[in-house]
Amino acid sequence: MSPGARTRAALLSVAAFGLALAAASPALAATGTPTAPTELFNGDKNCSTDVNAPTYLWGGEGISVEGIPQDTDAAGNPSLTAQFQVWPVADPTQISTLSRTQVRTGFEGQAVVPSQSLTDGQTYAWQAQTVDGGGAASAWSAPCYFAVDNTAPSKAPTVTSPNYPQGQWDQGGVPVQFTLDANGAADVGGFVYGWNNTLPVPVTATIGDYGIPTPVDPYADSAHFARATTVGGSTTVSLIPPTGSGPMTLYVESLDRAFNESAQSSYSFYVSSTGPTITPAVTSPVFDTPTRFTITPNAGVQAASRVLSYAVEVTGGPSPQTVTVQAKADGTAVVTLRLNGLYGNSVTATGTSENGWVSDAGWWSTGAVDTTPTVSSNVYVENGSSGGVGVRSRFTFAPKVKGVASYTYSFNSGPETTVKAGGKGTATVRWTPTENGYYDLEVYATTKDGVVLAPYDYYFYVN
């Protein structure tokens with residue numbers, strides 16, 4: 001089915017094709033003069049007035065013909081009839097007449113030539129006229145021409161590439177040059193392609209105000225469509241793979257001039273990793289402390305086309321970071337990042353080259369960081385029995401990482417209390433038990449950046 005085919009409500013009259021002329025609806029006495037319709041379209045595509053260059057259309061569900069009927073007194077003629085004559089160019093005597101009655105002023109009037117009245121491969125002419133409520137008719141418009149094409153291209157296209165051989169591994173960094181060829185199918189007008197086997201459907205028109213179509217050239221979308229240099233010929237396209245490395249497959253179909261699709265071809269190849277290298281300025285970056293990272297491009301990618309920028313992403317912390325960093329002339333870049341993931345961080349960088357190539361991601365990671373506080377007591381020994389009811393003690397909290405602003409603690413899952421950390425990141429609290437038994441003192445720290453660190457449980461027994 002042609003993607004441009006669509007159905008609108010239309011009043012058809014039957015004549016030589018089995019259609020009869022519908023009489024114009026009664027109306028008030030006409031005060032103006034009908035003139036030939038304007039905005040002529042067939043199958044939502046532009047009218048061609050050249051019999052040697054007809055508009056090619058799929059006719060499997062019929063083909064619409066349409067135009068806006070006109071009158072010199074539009075106000076006095078709020079509705080008109082759009083009348084059409086259609087005939088095969090090979091036999092002009094076989095005229096069929098169709099009409100659409102009660103067309104509102106300024107709106108497209110449409111009729112549909114039924115599919116059973118159309119012959120595949122035949123060229124047809126049609127013209128339109130306006131009929132007012134009193135039966136007065138305008139002159140006929142100049143003929144438009146369309147050719148019916150219900151047959152898909154007979155062969156799948158051939159696909160070749162001079163710089164990424166099929167089935168082989170290759171260095172990435174430059175767009176893939178593909179040659180798409182009709183493979184002997186004489187009616188191919190172009191090609192549709194994509195990196196998965198569900199290819200986009202060509203959109204050939206949009207419908208605007210008053211029902212007026214706006215024809216769309218699918219070949220304007222160079223990411224998925226390319227016109228053949230000649231009908232039945234070939235074309236060359238330059239494409240960036242969807243990922244920077246790994247197995248790649250391009251799927252291609254030929255399109256005839258009515259946008260019928262051929263069988264599908266595919267072309268597979270492999271791209272070696274093109275990701276950059278990420279190197280921290282220090283071997284073990286300090287938790288939640290600004291750290292400089294240097295990003296170095298893949299040598300093959302940089303040699304092919306200068307890397308312009310990197311998309312850098314940090315995951316694993318409470319607030320994932322995404323930044324874009326501009327590269328120097330040699331393709332390197334420096335970025336400063338804070339790593340505050342309790343269970344480690346991952347840093348990835350994806351480079352974009354001047355020629356549009358997007359690399360796969362370079363990757364660097366660090367393991368979990370012990371951010372629990374150190375807890376000690378002058379009386380109550382951890383995992384031991386000491387002290388007693390009413391025996392007052394001090395608990396001291398000390399950090400294992402920099403930037404601690406406060407500590408929050410609770411005994412036996414009771415109410416939480418928060419205390420500020422001192423200049424060295426430590427804090428001391430006093431506590432006196434009122435009962436003997438086992439106790440769990442849970443403590444966690446919060447940094448100046450608002451990062452809540454891992455908790456520590458200090459178990460002890462009060463005598």
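**Fold, cores and selected residues of the predicted model**

Of the contacts in the protein with a separation of 6 or more, 67% are between residues 24 or more positions apart, a contact being heavy atoms within 4.5 Å. The structure is a predicted model, in which local features need pLDDT of at least 70 and side-chain atom pairs count only at pLDDT 80 or more, while totals for chains, interfaces and linings use all residues. Residues are numbered from 1 along each chain as its sequence is written, and side-chain values use heavy atoms, with hydrogens and water left out.

The protein contains one helix and 34 strands, assigned as DSSP runs (helices H or I, at least four residues; strands E, at least two) and numbered from the N terminus. Its radius of gyration is 38 Å, well over the 23 Å given by the globule rule for 463 residues, so the protein is more spread out than a compact globule. The radius is taken over C-alpha atoms, and the rule is 2.2 Å times the number of residues to the power 0.38. The C-alpha trace spans about 115 × 60 × 35 Å along its principal axes.

Buried residues make up 45% of the 463; buried denotes under 20% relative accessible area, exposed over 50%, and partly exposed the range in between (1.4 Å probe, protein chains only). The accessible surface is about 21100 Å², and carbon and sulfur atoms account for 51% of this area, computed by the Shrake-Rupley method with a 1.4 Å probe.

A nonpolar core is a set of buried Ala, Val, Leu, Ile, Met, Phe, Trp, Tyr and Cys residues joined through side-chain atoms within 4.5 Å. The largest has 38 residues, of which F178, L180, Y193, F269, Y310, V312 and V347 touch the most other members. Strand β22 (residues 307–315) gives the most to this core, contributing four residues. Beyond its neighbours within four places in sequence, L180 contacts T158, V159, F191, Y193, G233, S234, T235, V237 and V252. A second, separate core comprises 25 residues, among them F287, Y409, L453 and V462.

S353 lies in strand β25 (residues 345–353) and counts as buried, at 3% relative accessibility. Residues up to four places away in sequence aside, S353 touches V301, S305, R306, V307 and L308. N196, in the loop between β13 (188–194) and β14 (205–207), is partly exposed, with a relative accessible area of 44%. N196 and S376 are 180 residues apart in sequence, and their C-alpha atoms are 61 Å apart in space.
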